[in-house]
Amino acid sequence: MARFIERHPAWALIVIIAVAVLAWLVFAIWPPGLEAAIGRKRVFLNAVLNGITLGGLYFLVASGFTLIFGLMRNVNLAHGSLYLFGGYVGYAISSWTGSWLLSFIIAFVAVALVGVILQLVVFRRMEGQDLRQTMVTIGLSIVFADLMLWVIGGDFYQIQTPSWLIGPIQLPLLTTIKSSGEPVYLQYPLVRLVIFAASVVIGIAMWLALNRTRIGMIVRAGVDDRDILAATGVRIQLVFVLVFALGAGLAGIAGVVGGTFQSLSPGEDTRFLLASLVVVIVGGMGSIPGAALGAVIIGLAEQLGSVYIPTYAIVVTFLIMVLVLALRPQGLLARR
């Protein structure tokens with residue numbers, strides 16, 4: 001952070017001012033003129049928290065994508081299909097067993113196995129051929145989408161939230177003060193906060209695994225120079241299969257998360273594939289912290305945009321991507 005401030009003092013000042021303004025908007029008592037201009041504070045706080053928790057979901061999808069695409073240089077444009085397949089598996093398991101937690105485990109294993117098959121059958125035969133990988137995985141995503149539509153249908157599905165996570169929780173965020181002087185605090189769904197906390201834990205664990213363990217060192221070394229690493233006796237192809245399985249499994253987990261506080265339907269695969277691409281481009285390829293930062297930025301942009309400028313909400317997301325590409329093409333926190 002200190003190095004970034006030294007190299008880019010102007011951008012650092014802009015970021016500090018933006019964070020300070022956002023903190024004031026979240027924690028301060030709004031004057032009447034501000035509420036008259038942009039609406040009630042409760043609506044703003046809900047949009048901010050919805051954006052942050054949506055960012056947690058985007059991170060789960062994009063973290064697997066950045067492992068496969070940004071770190072291993074495999075262009076997997078069927079990643080959105082893995083998300084949707086994981087969501088459908090989670091819905092089936094939770095409906096059959098009544099266990100929400102078991103649906104995460106089964107969805108992770110099922111989608112990870114699909115990822116292993118993809119790596120062995122598709123990507124191992126086309127290593128370094130980005131254009132062929134792109135075209136083949138686009139075709140696979142279309143086939144997967146049609147197969148899921150044929151088997152499951154075009155209805156909307158939502159995974160049942162467990163009873164211990166149903167209901168709101170009071171947060172220490174002041175929304176207004178009544179005429180009697182009694183403060184009113186924000187109520188927010190517990191399930192969204194728990195899922196966001198889990199995404200933070202997963203992100204920290206992934207970063208530690210990639211940067212503080214031997215397997216992470218092997219993966220990074222294999223990406224940089226696999227021939228030298230293979231000469232040391234490391235079974236680099238096995239390592240890549242396991243990493244691909246992890247990335248695919250994370251997409252499966254994200255599918256269960258998305259099916260819990262949103263819904264599952266045809267078309268969600270394309271939506272989350274595009275979101276993953278934008279997040280990885282904004283945050284930086286191969287960077288777990290970059291994926292986290294990009295996911296939060298895109299999540300906030302979507303939710304705040306949908307509240308205050310609903311007609312142009314999608315434009316804001318892609319405008320952010322264009323600005324990042326113009327000013328910092330490698331992404332905000334790209335790996336060196």
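Angles under 35 degrees count as roughly parallel, over 145 as roughly antiparallel, 65 to 115 as roughly perpendicular and the rest as oblique. The views below show a predicted model, in which local features need pLDDT of at least 70 and side-chain atom pairs count only at pLDDT 80 or more, while totals for chains, interfaces and linings use all residues. Residues are numbered from 1 along each chain as its sequence is written, and side-chain values use heavy atoms, with hydrogens and water left out.

**View A. The packing of helix 6 against helix 11.** Helix 6 and helix 11 (residues 236–261) pack at an angle of about 140°, their axes being 6 Å apart; axes are lines fitted to C-alpha atoms, for helices over the stretch in contact, and angles run from 0 to 180 degrees between N-to-C directions. The two helices, helix 6 and helix 11, are therefore oblique to each other. Their crossing is right-handed, where a crossing is left-handed if the near helix is turned anticlockwise from the far one by less than a right angle, and right-handed if clockwise. The residues of the contact between helix 6 and helix 11 comprise 20 nonpolar, seven polar and no charged (Ala, Val, Leu, Ile, Met, Phe, Trp, Tyr, Cys and Pro count as nonpolar, Asp, Glu, Lys and Arg as charged, and the others, Gly among them, as polar). Helices here (H or I, at least four residues) are DSSP runs, numbered from the N terminus.

**View B. The packing of helix 6 against helix 7.** Helix 6 (residues 100–123) packs on helix 7 (residues 130–152) at an angle of about 135°, with 12 Å between the axes, and that makes helix 6 oblique to helix 7. Helix 6 passes helix 7 in a right-handed crossing. From helix 6, Leu118, Val122 and Phe123 meet Gln133, Val136, Thr137 and Leu140 of helix 7, contact meaning heavy atoms within 4.5 Å. The residues of this contact of helix 6 with helix 7 divide into five nonpolar, two polar and no charged.

**View C. The packing of helix 5 against helix 7.** Helix 5 (residues 79–97) and helix 7 pack at an angle of about 20°, and their axes lie 10 Å apart; helix 5 and helix 7 are therefore roughly parallel to each other. The crossing in which helix 5 passes helix 7 is left-handed. Ser81, Leu84, Phe85 and Tyr88 in helix 5 meet Ser141, Phe144, Met148 and Ile152 in helix 7, and the residues of this contact are six nonpolar, two polar and no charged. Following helix 5 is Gly98, whose phi is positive, near 75°.

View D. At 1% relative accessibility, His79 counts as buried (buried means under 20% relative accessible area, exposed over 50%, partly exposed in between, with a 1.4 Å probe and protein chains only). Leaving aside its neighbours within four places in sequence, His79 is in contact with Val61, Gly64, Phe65, Ile68, Gly247, Ala251, Leu273 and Ser276.

**View E. Buried residues of helix 8.** Val191, Arg192, Ile195, Ser199, Gly203, Met206 and Leu210 are buried in helix 8.

**View F. Ala231 in helix 10 (residues 226–231).** Ala231 has 68% relative accessibility and so counts as exposed. Between the C-alpha atoms of Ala231 and Val26, which are 205 residues apart along the chain, the separation is 55 Å.
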